[in-house]
Amino acid sequence: MDALLAALVALMALAAAMAAVLSTLSKAAIFAILAIAPCVYRYRKRIYVIVKTLPRDAKFLWRYANAMVRSKRWGRNNSTVAELFTKRALKTPDAPCFIMVEGRTWTFREIAENSNQVSRVMQEHLGLKRGDVVCVFMPNCVEYVYTWLGMAKLGAVSALINSNLRHRPLLHCIQVAKAKAIVFSDSLAGAISELGDQLPPELKLFQLYGKCPPGVIDLRAEMDKQVPEYPIVTDKPRYRDTLLYIYTSGTTGMPKAAVLPNSKYLLIVVATVHMLGLRSSDRLYNPLPLYHLAGGLVGTCAALVDGIPTVLRSKFSASHYWTDCIKYDCTVSQYIGEMCRYLLCAPPRPTDTQHRVRIMVGNGMRPAIWQQIVDRFKVPQINEIYGATEGNANIINVDNTVGAVGFLPKLVPTWLHPIALVRADDDGDLIRGPDGLCIRCQPNEPGMFIGLIAQGNASREYYGYVEKSDSNKKLVRDVFCKGDAAFVSGDILVADELGYLYFRDRTGDTYKWKGENVATAEVEDAVRAAIGQRDVVVYGVSIPQTEGRAGMAAVSAASVDGRSLAVALDHALPSYARPLFLRLMKDIEITSTFKLKKRQYQKEGFDPDVIQDPLFFRSGDDFVPLTSQLFDDICNGRVKL
């Protein structure tokens, strides 16, 4: 009764207040309020969303506008990465450009001079010119960057090969690039020599450092013979010319060479600098591989073009991550999801919070550990990025919303968005309506993430792969109107009511492990070769508290020599692509529902109490039986993966 009385008193007070306000207004004002009230009520939810997301969208649109102004100017001026770097080097020749952890600091002058010498060596030995291709095969080092920069000054393309590759995958990357030469460091000379006479006879070999075997050119010695001045170039490179090939795994098995022109690299420059809100006083920490987009482009572009120094580490180390940031006074650091798990698993230390890092930027941070990273390491800003190396659909979380990989601005009408979520079936095929067009997903409805293509617009162009047939497989036409086209990411995302986007799953025959995309077809080929061409299905299985999916091979065989299989896989595959689990099955049906069967196996996981088939786990040089106790130890993190 008291509660009812209190409610009545409150209602009377509200009515009195409204009457007092209305008494001060003119009849016209009262009429206007009464006229718009039904409209406000009807669209109250949309109005709430716009008001709620206004700060986020305003920040994004301001930064986006500034980024596009620079990007358009570079396009009009036909600018290239080499040209903009040269201007920066002339402006601040003695400023630090790259700093190698436990190594030396490289100034802009030194990067410029060394890249000039690389250019001149390539002109002398290869007659290298605009459009020619050279493979670069090195571990993380500053020499890696100035080598491809030297090619870029001539308008040549550098194919950045994963330094973990060996044998057939490595040979494939060299062949698909149609390269005139390969530049490799002394530490990877063995991988090249193992290819022997499989290499194209016309391919020139350049080794940086160390003693060169017969037939291999000593790049450092040849560079020392050259003057460190800018090379003479008659056919100058252009804004839309291809700058790099970056390899990415796909559903056909072998790595694919994605085409990255100068325009896309420069788009990444403005996206990195403006969307992150970087300052000239910042210093970026980059422990990521330089052959990937994140480490090789995001991790180098701010230094080369805008003069924001980058600290490079040869290989990620959880125990040195924060001490490096402290020692080198880094304010921005890069990550991939798996790294974050390692950082949290490391024992707490005072250095966890003694750094000055204000931004962590990367991709793949699981929502479950996001807040733990913020709380433990006291990083005020996490910028999660989502995108595909070969694609045109890239998004970023600009306001620290936990778990979000980006968003769709609510201030911008949906039909103006360059990206969208559309309905897809379990196989990843797009679902179309009665009019034959794709169907946009509603809030909280998972769908395929696509990027609408607009050639001539640097932020929406699609260049795809070197092999055009592979490029076309990623395209879909007649999306929202007849004649349009879009890039299909292969990933399932979901958008909430406020437009925030969250990653759900990856379709197709790839999965991610140790921060690398693994193509199941490539692994299946390697397993088949090792066990006598029996039927094999490879897929990724989820492990608790672990980022990505671990590889599992289901084999149609009563028994397998685990030790021999392990040796064969070590020889054929990079470490991240080798299956951790083995499942022996009586029969694997190859039918029209093959993909559905693979999904079924994936859902079954690797629990020996659930699966009746014999299961094995890769331990050292062998595959050992997967017992319930071992399964428990793996799930609880007691076994190192």
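Student: Where does Lys-514 sit?
Tutor: Lys-514 is in the loop between strand S22 (510–513) and strand S23 (516–519). Keep in mind that this is a predicted model.

Student: What is phi of Lys-514 near?
Tutor: Near 55 degrees, a positive value in a residue other than glycine. Most residues other than glycine have a negative phi.

Student: Is Lys-514 buried or partly exposed?
Tutor: Partly exposed, because its relative accessible area is 26% and buried would need under 20%.

Student: And Asp-478, what is its phi near?
Tutor: Phi of Asp-478 is near 55 degrees, again positive in a residue other than glycine. Asp-478 belongs to the loop between strand S19 (475–477) and strand S20 (485–495). Relative accessibility is 27% there, so Asp-478 counts as partly exposed.

Student: Which glycine has a positive phi just after H16?
Tutor: Gly-532, at about 85 degrees.

Student: While we're at helix H16, which of its residues are buried?
Tutor: H16 covers residues 520–530. Its buried residues are Thr-520, Ala-521, Glu-522, Val-523, Glu-524, Ala-526 and Val-527.

Student: Switching to charges. How many salt bridges does the count come to?
Tutor: The count comes to 31 salt bridges. The side chains of Arg-70 and Asp-306 meet in a salt bridge, at 2.8 Å from N to O.

Student: Which helices does that pair link?
Tutor: Arg-70 is in helix H3 (residues 44–76) and Asp-306 is in helix H11 (residues 293–306). They are 236 residues apart, so the pair links distant parts of the chain.

Student: Are Arg-70 and Asp-306 buried or exposed?
Tutor: Arg-70 counts as buried, at 16% relative accessibility. Asp-306 is buried too, with a relative accessible area of 16%.

Student: What about Glu-222, which residue does it form a salt bridge with?
Tutor: Lys-225, with the closest N and O atoms 3.0 Å apart. Glu-222 is buried, with a relative accessible area of 11%. Lys-225, however, is exposed, at 62%.

Student: And Arg-563, what does it form a salt bridge with?
Tutor: Asp-622, the closest N and O atoms being 3.8 Å apart. This pair also links distant parts of the chain, 59 residues apart. Arg-563 is in helix H17 (residues 562–572), and Asp-622 is in strand S28 (residues 622–625).

Student: How accessible are Arg-563 and Asp-622? Give me the percentages.
Tutor: Arg-563 is partly exposed, with a relative accessible area of 45%. Asp-622 is partly exposed as well, at 21%.

Student: Which residues are linked in a network of salt bridges?
Tutor: Arg-130, Asp-235, Arg-238 and Asp-241 are linked that way.

Student: OK, aromatics. How many aromatic pairs are there?
Tutor: The count comes to 17 aromatic pairs. One of them joins Tyr-462 and Phe-487, and it is tilted. The centres are 5.6 Å apart, with 35 degrees between the planes.

Student: Which parts does that pair tie together?
Tutor: Tyr-462 lies in the loop between strand S18 (447–452) and helix H15 (468–473), and Phe-487 lies in strand S20. So the pair ties together parts that are 25 residues apart in sequence.

Student: Are Tyr-462 and Phe-487 buried or exposed?
Tutor: Tyr-462 is buried, and so is Phe-487.

Student: Which rings form a cluster?
Tutor: Ring pairs link Tyr-285, Phe-316, Tyr-321, Trp-322, Tyr-342 and Phe-377 into a cluster.

Student: Which ring does the charged end of Arg-56 sit over?
Tutor: The ring of Tyr-500, 4.5 Å from its centre. Likewise, Arg-104 lies over the face of Trp-106, at 3.8 Å from the ring centre.

Student: Last topic, the second largest pocket. How much space lies in it?
Tutor: About 430 Å³.

Student: How many residues line it, and which lie nearest its centre?
Tutor: The second largest pocket is lined by 22 residues. Leu-408, Lys-410, Thr-414, Cys-441 and Pro-443 lie nearest its centre.

How values were computed:
Residues numbered from 1 in each chain as written. Predicted model: local features only at pLDDT ≥ 70, side-chain atom pairs only at ≥ 80, totals over all residues. Heavy atoms only, no water. Helix = DSSP H or I, 4+ residues; strand = E, 2+ residues; numbered from the N terminus. Buried < 20%, exposed > 50% of the residue type's maximum accessible area, 1.4 Å probe, protein only. Salt bridge = Lys/Arg side-chain N within 4 Å of Asp/Glu carboxyl O. 1 Å grid on protein atoms, 1.4 Å probe; cavity = no way out; pocket = protein on both sides within 12 Å on 5 of 7 lines; lining within 4 Å. Points joined across faces, edges and corners; volume = space filled by probe spheres on them. Phe/Tyr/Trp six-rings, centres within 6.5 Å; stacked < 30°, edge-to-face > 60°. Lys NZ or Arg CZ within 6 Å of the ring centre and 35° of its normal.
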